[in-house]
Amino acid sequence: MPVNLKQQAGERATTFVEDGMVVGLGTGSTVFYAIRKLGELARQGMQIKGVCTSVQTMDLAHEYGIPVVEIEDAKCIDITIDGADEVDPGGQGIKGGGGALLFEKIVAANSGQNIWVVEKRKLVQQLGAFPLPVEIIPFGHSKLIRKMEEWKWRPVLREKGSEIFTTDGHHYIVDLHLHSIPDPQQLNAEIRKIPGVVEHGLFLDTVNKVVAAGPDKVEIISFR
Ligand code: A5P
């Protein structure tokens, strides 16, 4: 049977979760395995509570029996496990391929520790081959997209079927096909200045540990 790298990364990350912790639950196909495993641990008696980053994750938490607490009611979030789309050697990352970047960033910013679970192929020398998601408000979106086209950011409004994709926060997502991001900090500053932008998928100085699963081993890479 082929090795399931997402499963290996996701399940390994749960070894950092301790009894009594409030756990931020990310979104996506890799963190799915962490959520499923945490459900198993909860059923075995581990006292944990989950703070969810999306409706999809909330449904999974309920399905696997993880008690959920609203972010507003959580005194703290001890640790968050989430996926990522790209991670560079300094631990800077792109997230949001699944469209949950806004809630993911808020949960990450309020977490004592952030752990990302990825397949090793997502470790890159430079960010940007993966399209950078930018969450925007619907009002004036076509004007904003036209500006991004003028700046040669190659924006593509995300769709789902024949409809515009809408996030859990009722916003749109524009994916920027930049191909490379030589200076993520500068791009972060530039995107932040644009009226109508809610958030973007550059997660800078965020992650503490990356659990990267390759065909030969699972590696834990520590940052900050
Ligand atoms: C969700 O919006 C994203 O940030 C995901 O965490 C990211 O896209 C990784 O997802 P997968 O684990 O499904 O590749």
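Modeller: Angles under 35 degrees count as roughly parallel, over 145 as roughly antiparallel, 65 to 115 as roughly perpendicular, and the rest as oblique. The model is predicted: local features need pLDDT of at least 70 and side-chain atom pairs count only at pLDDT 80 or more, while totals for chains, interfaces and linings use all residues. Residues are numbered from 1 along each chain as its sequence is written, and side-chain values use heavy atoms, without hydrogens and water.

Two packed helices are described by the angle between their axes and the distance between the axes. Helix 2 spans residues 31-43 (helices are DSSP runs of H or I with at least four residues, and strands are E runs of at least two, numbered from the N terminus). Its axis and that of helix 3, residues 55-64, come within 9 Å and cross at roughly 30° (axes are lines fitted to C-alpha atoms, for helices over the stretch in contact, with angles from 0 to 180 degrees between N-to-C directions). Helix 2 and helix 3 are therefore roughly parallel to each other.

On the helix 2 side, Phe 32, Ile 35, Arg 36, Gly 39 and Arg 43 meet Thr 57, Leu 60, Ala 61 and Tyr 64 of helix 3 (contact means heavy atoms within 4.5 Å). By class, these residues divide into 5 nonpolar, 2 polar and 2 charged (Ala, Val, Leu, Ile, Met, Phe, Trp, Tyr, Cys and Pro are nonpolar, Asp, Glu, Lys and Arg charged, and the others, Gly among them, polar).

Helix 2 also packs with helix 1, residues 5-13; these axes come within 7 Å and cross at roughly 50°. That makes helix 1 oblique to helix 2. Their crossing is right-handed. From helix 1, Lys 6, Gln 7, Gly 10 and Glu 11 meet Tyr 33, Ala 34, Arg 36 and Lys 37 of helix 2. The contact of helix 1 with helix 2 has 2 nonpolar, 2 polar and 4 charged residues. Arg 36 takes part in both contacts of helix 2.

Notes
A crossing is left-handed if the near helix is turned anticlockwise from the far one by less than a right angle, and right-handed if clockwise.
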